[in-house]
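Keep the viewer open and try each task before reading on.

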Amino acid sequence: MAITTKLELRQTHALVMTPQLQQAIKLLQLTNLDLASFVESELERNPLLERDDAEESGGPSEGARHEERPETNGAAVEALREADAEAGDGEEWIDLGSDSGPGRTAELDIEPQDAFPDADNFFPGALKDSGWNTLGQGQPATDGEVASLEAYVAAERTLRDHLCEQLALAFTDPARRLIGQHLIDMTDEAGYLRGDLETLAELLGAPLSLVEETLAFMQGFEPCGVFARDLRECLMLQLKEQDRCDPAMAAMIDNLHLLAAHDLPALKRVARVTDEDLCDMIKEVKRLNPKPGLKYGSSPTQPIVPDVLVRALPDGSFHVELNSDTLPRVLVNQSYYATVSKATTRKEDRTYLSDCLQTANWLVKSLDQRARTILKVGQEIVRQQNAFFTYGVRHLRPLNLKTVADAISMHESTVSRVTANKYMATNRGLFELKYFFTSAIAATCDGDAHSSEAVRHRIREMIDAEPAGDVLSDDKIVERLRGDGIDIARRTVAKYREALRIPTSAQRRRLKRIELGASP
């Protein structure tokens with residue numbers, strides 16, 4: 001076969017992902033916090049984009065209000081004076097803004113700053129020496145910044161601060177203080193020591209015995225149980241503080257795996273105690289704190305801001321709307337673009353402005369399309385799960401992405417991106433959008449399928465309502481569910497029970513007996 005060079009013309013179909021299309025797809029799956037950060041970076045990068053502050057505040061900007069205030073206030077005062085003169089009551093308006101006239105001297109008979117002559121007595125000498133002026137001024141004398149009360153609010157006390165204060169009082173030897181400071185740095189927020197003592201001794205050039213002695217002394221710091229290297233040591237430190245570390249209790253702490261598995265007969269044999277003593281020991285262990293450091297300033301929890309809001313209407317229907325607080329408002333400054341483009345002569349500058357305008361317009365359209373898509377998906381979810389919003393979790397229907405995608409004429413991947421990390425605030429609580437998409441479990445008598453989440457909720461209700469003398473096994477739960485029309489296998493019940501972190505029937509029976517003080 002001869003090798004030749006020739007030209008061919010072929011026509012093919014291909015999907016090209018343009019940068020704009022990639023950006024639109026990326027915006028769909030961003031959370032509201034990530035979206036706000038992305039828009040903020042675009043505002044800094046693109047000079048043609050600006051924030052829609054007037055729409056957010058519901059009026060003119062702060063600068064515009066500041067410029068209009070003197071003229072508007074003067075006209076209002078003049079109009080009120082004329083109305084008062086026509087009424088004939090003979091009274092005059094007091095103008096506190098003027099430096100002269102009867103408003104400040106004759107009518108008030110006192111200067112405003114002299115209205116509180118004893119104001120300085122309310123300030124300690126140390127506070128006045130720190131730069132504060134009189135009571136009504138609120139400006140430090142050191143600089144021109146206005147002081148804020150938030151700057152003087154006490155900071156949250158952290159575990160590190162609490163331990164450092166105790167360290168300063170515990171040791172006078174500089175070497176022990178240095179070792180103690182490193183041990184505090186190796187402690188996590190729960191109070192556990194994370195690190196190797198041999199590595200620390202090698203780093204500081206100190207004997208290992210000195211490091212261990214310092215650690216043993218610091219393990220007596222408050223809160224009790226701090227500087228422990230594992231859960232066993234943490235519990236032992238607290239029991240020693242309570243003078244309850246006897247051989248039986250020590251044997252129980254050494255076999256925490258048996259306690260976690262609720263293997264009470266084996267734990268009873270190891271501790272060599274009676275049933276009553278074993279119940280008392282378990283209750284004492286439950287009263288201990290496995291993470292003593294968390295009682296001091298831990299990291300604050302970030303609240304979840306919902307993207308979709310659902311309100312119940314008087315007629316029984318539901319109104320779905322987007323949360324305006326999570327929607328960034330940006331505008332394209334066309335007037336600025338027109339002004340700059342007229343004064344631009346270089347080709348590179350015109351190309352840059354054109355790219356900025358195209359990017360800005362596409363971003364505004366992408367944000368609008370994202371909001372519309374989220375609203376469509378939210379409305380369809382509410383329509384499909386109307387029984388859930390009306391009656392509760394037991395009436396949650398099985399739902400998949402394809403059903404919603406076909407209803408709103410979109411692709412399943414688009415619906416999957418929209419429902420990722422998005423939340424809906426309803427009359428039943430705050431839920432992730434993916435919560436409403438559950439698998440189906442067949443019915444026993446050719447009825448409607450049941451949602452797996454609804455079945456898990458029923459299992460939880462059954463186990464919570466079971467009496468201590470009649471603990472439900474997995475087989476009994478299967479019988480009750482089949483009596484309610486749910487065709488489910490025993491292994492499925494066991495899987496759902498383990499997902500809900502519910503112990504087995506034997507373990508629950510032992511726990512209930514312990515709570516009642518009976519023999520396990």
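Buried means under 20% relative accessible area, exposed over 50%, and partly exposed in between (1.4 Å probe, protein chains only). This is a predicted model, where local features need pLDDT of at least 70, side-chain atom pairs count only at pLDDT 80 or more, and totals for chains, interfaces and linings use all residues. Residues are numbered from 1 along each chain as its sequence is written, and side-chain values use heavy atoms, with hydrogens and water left out.

**Exercise 1.** Work out how the rings of phenylalanine 171 and phenylalanine 217 are arranged.

Start with the rule: rings of Phe, Tyr and Trp (its six-membered ring) pair if their centres lie within 6.5 Å; planes under 30 degrees apart are stacked, over 60 edge-to-face, and the rest tilted. The count comes to 12 aromatic pairs. For phenylalanine 171 and phenylalanine 217, the centres are 5.2 Å apart and the planes sit at 50 degrees, so this pair is tilted.

Now for burial. Phenylalanine 171 has 7% relative accessibility, so it counts as buried. Phenylalanine 217, at 46%, counts as partly exposed.

**Exercise 2.** Classify the pair of phenylalanine 388 and tyrosine 435.

First, the geometry: 6.3 Å centre to centre and 55 degrees between the planes, a tilted pair. Next, accessibility: phenylalanine 388 has 1%, so it's buried. Finally, look around: both rings belong to one aromatic cluster, together with Phe318, Phe389, Phe431 and Phe436.
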